[in-house]
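This report is meant to be read beside the sequence and the 3D view.

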Amino acid sequence: MNTTLSTQKKIIEEKRAQWTKFIETGEIDPGVKPYIAESWKRCIKYGIDYKTGGKGVKIEEKKFQDILRKNRELLETSKPIIEMIDKIFTDLRLLISVCDSDSNILYTVDTLFGTSQDGEDGTLWTGYKWSEDIVGTNGASLCMMLDKPIRTHSAEHFCEDHHTASCADAPIHGADGTVIGALLTTFEVKDYSEFALGVVAAGADAIEKQMRYKKLDTTMKAAFDHSESGVVSLDANLKVIYHNNAAEKILNQPREKFHRQHIDSLLLEGVDWNAVDSNVMYASLKFKKGSGAGHIECNGNIYPELFDGKLSGAVIMFEKEKSFNAHINRIVGNEARYGFADIITESSSMRKVIERGKRIAAAEGSVLIMGESGTGKELFAHSVHNASSRGAGPFIAINCAALPQSLIESELFGYEKGTFTGARKEGYAGKFEIADGGSIFLDEIGELPLDIQAKLLRVLDNKRIVRIGGHKEKEVDVRIIAATNRDLMREVQKGNFRLDLFYRLSVLPVMIPPLSERSSDIVPLAKFFINRLNKANPEFEKQPSEGFLKSLRERRYKGNIRELQNVVTRAYYLCSNGTITEELAFENFMNPDLYIQDKEESAESPVKQRNLKDSEESLIKETLRETGENISQTAEILGISRPTLYRKLKKYNIIVRK
């Protein structure tokens with residue numbers, strides 16, 4: 001609502017009197033706003049003539065074009081806001097402009113003067129500079145200098161030529177909060193408006209927000225267009241309003257195939273959009289191929305947008321199933337960590353096995369690694385994978401003996417959603433799917449139940465798996481590397497292992513010799529274990545004596561390398577100085593013949609069983625004393641896990657005070 005004419009006249013007269021007092025005496029009337037007074041003083045220093053000054057300076061054309069390019073985003077964002085403000089004040093004549101931070105006028109809508117913008121009087125027109133040092137006190141410079149919306153009315157302007165104008169101006173901020181320009185409005189003083197400043201401030205705020213949204217939109221689109229994941233954005237009608245380059249590439253679809261298409265027209269199997277809620281939903285998506293029959297299987301997430309509880313849009317991010325699995329494998333570390341160079345040996349027999357392993361790695365076909373427990377079969381499996389053409393692919397290791405029989409099938413082959421109570425609602429990809437393009441290491445293959453052996457045989461035959469609860473076969477490209485410490489032919493004779501599976505697994509067999517057949521490896525391995533312990537305990541570095549190494553060479557290792565490591569670790573921690581002596585190779589260490597037994601030797605006489613129990617209890621008590629009852633160190637020295645140690649403490653009624 002505008003003020004009455006009498007009130008306006010009074011305000012104008014007061015400001016004119018304040019201005020006249022300053023011009024004639026240099027004194028500042030108490031009623032003058034402080035920032036106006038400071039501006040008047042600066043104008044005197046600038047040497048501006050209050051009678052003839054107040055005209056902007058036209059910017060040289062080439063320079064102005066550079067200014068426009070530099071401020072293109074500000075200009076493009078401001079134009080619609082300026083036009084909106086012009087409509088708000090449709091009954092008033094006014095001039096609306098936007099300037100940059102140097103007070104260069106970038107764009108103007110003029111219904112006030114009605115004069116050509118090519119005029120020579122330097123009004124607030126496009127292409128003129130309107131800074132305080134040129135035109136005197138003005139709202140454009142002051143609002144940016146003070147960083148707040150201000151009104152400059154009548155004789156508050158320094159130059160007389162501007163006393164007929166009333167201005168409302170507001171600064172515009174960039175994304176980093178700095179002032180990048182201003183939104184300016186100029187009225188005749190008789191059209192002075194109480195709410196003009198609020199409208200201009202709101203307009204400047206709208207420009208800032210639009211620029212932030214544009215910046216965010218540009219940044220997000222740039223990020224999405226450089227993403228390897230496909231991105232599709234949908235409106236409330238589930239029609240595509242945006243998609244990135246990766247979506248076109250993954251689905252082999254041209255750009256026009258996406259625009260305004262309903263998402264279900266791109267999918268072979270539609271999504272149940274009625275089941276989509278406010279939560280991010282994982283989905284297995286089957287997209288139609290861009291050309292030809294068939295489909296492309298992808299894994300993705302659906303990010304819903306809700307308004308008043310209803311779906312107003314969604315964003316789908318997806319990857320090809322193989323790419324998705326590869327990404328997951330990188331995150332969780334499903335990769336082989338060792339190569340043939342990591343196998344420590346000076347044994348000619350072991351070197352022959354390594355050479356055989358390299359040839360096997362270069363070939364295709366299933367690998368069966370055989371050998372006693374503790375000989376390093378998994379290390380060999382890692383090496384075969386890394387030396388093969390699949391080395392860049394996933395390496396999934398599974399201990400078949402460690403999986404509960406009820407979970408083996410789902411762990412290996414996965415299950416579809418809703419298959420059974422407690423299952424993941426989105427289903428589960430089994431290890432064979434995750435290993436696609438790489439290798440799967442099935443350790444202790446002899447422990448697999450016969451029904452799972454039959455399913456594994458089918459995978460070997462046709463390279464396809466079927467999830468539990470599913471009906472469609474899924475092709476997988478996986479090399480199987482199996483390992484066992486059992487005599488599988490003997491297990492076949494007992495009816496515990498399928499003969500056809502044995503032949504399919506042992507296309508490329510490898511036998512890892514026990515440590516007893518490569519005694520030349522004992523010392524190099526022992527030194528390796530000690531060096532590794534020294535790195536973990538740099539403040540207590542220790543070195544083996546010749547007597548200690550000689551003693552290690554003389555003993556038998558039914559547990560192979562694992563037992564040797566156990567002996568070395570125990571001696572290392574029991575050593576009280578920097579040299580590991582001969583006595584530590586046997587001290588507090590029971591006869592291995594008494595506690596490392598083959599399964600065939602498990603039926604011992606009552607006397608031998610009693611001796612074993614007594615020796616084990618004594619060993620545990622002695623090791624606890626040596627470590628100050630440190631459970632972790634005791635378990636490590638004994639070569640057992642903490643839970644196993646706790647069970648033995650309970651079994652022998654050994655009380656630990658810590």
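Predicted model: local features only at pLDDT ≥ 70, side-chain atom pairs only at ≥ 80, totals over all residues.

**Strand E2 and its partners**

Strand E2, which spans residues 94–100, is mostly covered, with seven of its seven residues buried. Leu94, Ile96, Val98 and Asp100 point one way from E2, while Leu95, Ser97 and Cys99 point the other way, and the residues of both sets are buried. E2 pairs with strand E7 (residues 179–188) in the antiparallel sense over seven bridges, and with strand E3 (residues 105–110), also running antiparallel, through five bridges.

| Strand pair | Sense | Bridges |
|---|---|---|
| E2 and E7 | antiparallel | seven bridges |
| E2 and E3 | antiparallel | five bridges |
| E13 and E18 | parallel | four bridges |

**The contact of H2 with H6**

Two packed helices are described by the angle between their axes and the distance between the axes. For helix H2 (residues 34–46) and helix H6 (residues 139–146), the axes come within 12 Å and cross at roughly 115 degrees, and the crossing is right-handed. On the H2 side the contact is made by Tyr35, Ile36, Ser39 and Arg42, and on the H6 side by Leu142, Met145 and Leu146. By class, the residues of this contact divide into five nonpolar, one polar and one charged.

**The parallel sheet and its helices**

Five strands form an open sheet with parallel pairing, in the order E14-E15-E18-E13-E19. Strand E14 (395–399) and strand E19 (508–511) are the edge strands, each pairing on one side only, and the twist from one strand to the next averages 15 degrees. Within this sheet, strand E13 (residues 367–370) and strand E18 (residues 479–484) run parallel and are joined by four bridges, with isoleucine 369 standing opposite alanine 483 in E18.

Helix H11 (residues 348–362) lies across E13, E18 and E19, and runs at about 160 degrees to E19. Helix H12 (residues 377–387) also packs on the sheet, where it touches E13, E14, strand E15 (439–443), E18 and E19, and its direction makes about 165 degrees with that of E18.

Note on methods. Residues numbered from 1 in each chain as written. Heavy atoms only, no water. Buried < 20%, exposed > 50% of the residue type's maximum accessible area, 1.4 Å probe, protein only. Helix = DSSP H or I, 4+ residues; strand = E, 2+ residues; numbered from the N terminus. Pairing = 2+ DSSP bridges. Axes fitted to C-alpha atoms, helices over the stretch in contact; angles between N-to-C directions. Left-handed = near helix turned anticlockwise from the far one by under 90°. Contact = heavy atoms within 4.5 Å. Nonpolar A, V, L, I, M, F, W, Y, C, P; charged D, E, K, R; others polar.
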